[in-house]
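This report covers the packing and surface of one predicted model. The sequence and structure come first, followed by notes on selected regions.

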Amino acid sequence: VLPLLLLVGLVLGACAGTGTQPQQRTIYVTGMGTVHVEPDIAIVSLGVQTLGPDVGLAVQENNQNARAVMEALLELGVATEDMRTTNFYVSSQPQFDPMGMPTGETSYTVDNTIFFTLRAPDKLGAVLQAALRAGSNSVQSVNYSVADPSVPMDDARDIAVTDAQRQAEQLASAAGARLGKVLFLSEGGYAAPMYFEAPAYGKGGGGGGVPVESGTLAYQAQVTLTYALK
């Protein structure tokens, strides 16, 4: 009798252990946040190129021009620590006569790239004009940004979370439920700032120098929230 009672008890215990638990109802929403800010820095890359039949003279001329460009930038308020040479390259090219035959002469090209950060973007037009007059012969890139992007990104995250919560409350109310606690939260991939009302270099209204316009930047954040439903 005792073994039989033990067997019955084990079977009843197993049945009780397999009882289904009520499934937690949840709601899943995605919120977006966008913050528009005016850029407070401009990141610029300038080129200084010289050509000549003598490599030493071409390098010397390039160094003089690059030094003059840097001095012009310093005079207009660019800090020394915000300016550096990012590329220095010397190449040679054999010369040919009109018939395509080599002349035995060689032309040398010296390229120097000056990269700097301007913390007064409203002066960009005047700075570019001064740099071109001093010896730079190419503007390779001009990009606007903010010195501390964490500030607009934090604001964008706050807006995104508020947007997600608003959606969740609306959907829960429409379904006759109430929101519970947050079960899961994640942030989407970082969104690079987008440009608004910012014409490309050479367009827009300038400030007496090379025509430029900074426009505004938009920082975006995306968050995903999962709420419990009551």
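## Nonpolar cores

The largest nonpolar core has 18 residues, and within it Leu73, Phe116 and Leu124 touch the most other members. Two or more residues each come from strand 2 (41-52), helix 2 (55-75), strand 4 (102-118) and helix 3 (124-134). A separate second core, of 11 residues, includes Val29, Ala168, Leu225 and Leu229. A nonpolar core is here a set of buried Ala, Val, Leu, Ile, Met, Phe, Trp, Tyr and Cys residues joined through side-chain atoms within 4.5 Å. Buried stands for under 20% relative accessible area, exposed for over 50%, and partly exposed for values in between (1.4 Å probe, protein chains only). Helices (H or I, at least four residues) and strands (E, at least two) are DSSP runs, numbered from the N terminus.

The model is predicted: local features need pLDDT of at least 70 and side-chain atom pairs count only at pLDDT 80 or more, while totals for chains, interfaces and linings use all residues. Residues are numbered from 1 along each chain as its sequence is written, and side-chain values use heavy atoms, with hydrogens and water left out.

## Strand 4

Beyond its neighbours within four places in sequence, Phe116 is in contact (heavy atoms within 4.5 Å) with Ala42, Ile43, Val44, Leu46, Leu73, Val78, Asp82, Met83 and Val127. Thr117 is found in strand 4 and counts as buried because its relative accessible area is 13%. With neighbours within four places again set aside, the contacts of Thr117 are Ile41, Ala42, Ile43, Val78 and Asp82.

## Helix 3

The buried residues in helix 3 include Leu124, Gly125, Val127, Leu128 and Ala131. They cover an arc of only 165° around the axis, so they lie on the same side of helix 3; the arc is that of the directions from the helix axis to the C-beta atoms. The buried residues of this helix pack against strand 2, helix 2, strand 4 and strand 5. Gly135 follows helix 3 and has a positive phi, near 145°.

## Gln140 in strand 5

Strand 5 (residues 138-145) contains Gln140, which is partly exposed because its relative accessibility is 46%. Gln140 and Leu46 are 94 residues apart along the chain, yet their C-alpha atoms are separated by 5.5 Å. Apart from neighbours within four places in sequence, Gln140 is in contact with Ser45, Leu46, Gly47 and Thr113.
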